[in-house]
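User: I'm new to reading protein models and would like a close look at one helix and what surrounds it. Could you walk me through it in plain words?

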Amino acid sequence: MTLSHVHLLLNHVPTVGTAIAIALLVISLIRRSDELKRVSLEVFFVIALLTLPAYTTGLAAQIQIQNRPGVSDVMIEAHEDAAIWAFAFMQLTGGFAWFALWKRRRGGLARGSMLAIVLLSALTMMMSARTANLGGEIRHPEILVGGEDVAAIEAALATNPPMITANQIGLLVTDRTWLWPAFESLHFIAMCLIFGVVLIANLRLLGLFKVWSFPAVHRLLPWAALGFAINMITGMMFMTGSPGMYADNTSFLYKLGCLMIAGLSLLYTTAFEGPWWVGAGQDAPRRVKLVGAAAIASWLGVMYFGRMLPFIGNAF
Amino acid sequence: MQLAAIVTAVVLVTVVIVAAIGVAIDRHAD
């Protein structure tokens with residue numbers, strides 16, 4: 001399996017998934033169901049998580065398909081330019097959804113976050129739909145309507161260029177000598193922040209530090225989420241600046257896989273019942289311990305495969 | 001030398017901003 005396969009597997013998730021999450025949120029508001037609202041927030045988080053490989057593997061698909069007869073590079077770039085904004089708004093929506101879940105678990109209401117999620121998810125839906133349509137037009141002429149052809153679409157795209165393109169963001173990284181080392185430093189500092197909190201929270205679930213209840217360590221989770229956000233931004237900047245280093249890199253594929261498990265474990269420890277009810281001096285149930293072990297192992301995997309990008313893979 | 005100074009400044013400023021955001025979020029914990 002290559003990263004291009006992963007892109008084909010996941011490229012409908014942001015559009016269809018966001019639509020499902022919005023539908024769940026609307027139904028929860030109509031039915032005044034707190035449980036359904038929680039589920040919609042969880043779906044927003046999972047969709048944001050899956051959008052990460054959906055976006056990054058697109059670069060691998062681009063390298064595979066560009067320069068082939070009948071494939072327009074202009075349309076591929078338009079798809080990429082739309083995707084980077086859809087990705088950013090999707091991550092913002094997922095971030096607010098995570099914060100609302102964390103606050104609700106602690107008994108708060110997070111009204112501001114809910115409002116932000118409603119607005120951001122609507123924007124994300126529009127951006128994802130446009131991205132999906134532009135992506136489809138690259139290789140599916142059957143969706144061209146009203147006698148459109150590739151030349152007409154290229155001309156239309158040229159008359160209405162985006163304010164900031166993915167290429168410009170890439171050049172921002174590669175043209176400034178200070179940016180890569182600064183972001184690399186921040187990437188490692190944020191990694192320490194994430195892993196520190198992950199270790200404390202999940203070692204507690206595995207039976208260490210029993211003097212603390214899980215809700216006591218649960219309040220630290222936003223620090224891990226902040227680290228995650230920093231690494232998402234810095235990591236995406238590296239990838240946009242030097243896509244060739246990641247697009248066909250086996251180690252990056254494994255890193256993405258570990259990141260998905262790590263993200264899901266963060267959702268579990270943030271929002272689910274199992275860990276929350278582990279009080280001071282108590283032992284966590286076996287299934288909760290299993291998630292704790294998976295969380296630590298997956299973050300170790302993220303770090304290992306990240307470090308091995310140049311050795312197992314072809315980066316740098 | 002100039003490069004190291006810029007990198008250090010960017011990292012320090014970002015760390016301070018992130019710490020401030022973290023402290024602000026922590027206020028929602030109780």
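Analyst: Let's start with helix α8 of chain A, residues 179-206. This helix has 28 residues and reaches 39 Å from its first C-alpha to its last, close to the 40 Å expected at 1.5 Å a residue. (The expected span is 1.5 Å times one less than the number of residues; helices are DSSP runs of H or I with at least four residues, strands are runs of E with at least two, and both are numbered from the N terminus.)

A quick word on what you're looking at: this is a predicted model, in which local features need pLDDT of at least 70, side-chain atom pairs count only at pLDDT 80 or more, and totals for chains, interfaces and linings use all residues. Residues are numbered from 1 along each chain as its sequence is written, while chains are lettered from A and ligands numbered from 1 in the order in which they are written.

Now, which residues of α8(A) are buried? They are Ala182(A), Phe183(A), Leu186(A), Ala190(A), Leu193(A), Ile194(A), Val197(A), Val198(A), Ala201(A), Asn202(A), Arg204(A) and Leu205(A). Buried means that 20 or more other C-beta atoms lie within 10 Å of the residue's own; 12 or fewer is exposed, in between is partly exposed, and the C-beta atoms are placed from the backbone.

Contact here means C-beta atoms, placed from the backbone, within 7 Å.

Phe209(A) has a phi near 50°, which is positive even though the residue isn't glycine. Most residues other than glycine have a negative phi. Phe209(A) counts as partly exposed because it has 14 C-beta neighbours inside 10 Å.

Helix α4 (residues 73-105) of chain A packs with α10(A) at an angle of about 175°, their axes 11 Å apart. (Axes are lines fitted to C-alpha atoms, for helices over the stretch in contact, and angles run from 0 to 180 degrees between N-to-C directions.) So α4(A) is roughly antiparallel to α10(A), a label for angles over 145 degrees; under 35 is roughly parallel, 65 to 115 roughly perpendicular, and the rest oblique. Gln91(A), Gly95(A), Trp98(A) and Trp102(A) of α4(A) meet Leu221(A), Pro222(A), Ala225(A), Ala229(A) and Met232(A) of α10(A). That contact divides into 7 nonpolar, 2 polar and no charged residues. (Ala, Val, Leu, Ile, Met, Phe, Trp, Tyr, Cys and Pro count as nonpolar, Asp, Glu, Lys and Arg as charged, and the others, Gly among them, as polar.)

Finally, back to chain B. Its secondary structure comes to 1 helix and 0 strands, and its C-alpha trace spans about 45 × 5 × 5 Å along the principal axes. Of the 30 residues of chain B, 3% count as buried. In all, 14 residues of chain B are in contact with 15 residues of chain A. The chain B side of that contact has 10 nonpolar, 3 polar and 1 charged residues.

Definitions and conventions. Contact = placed C-beta atoms within 7 Å.
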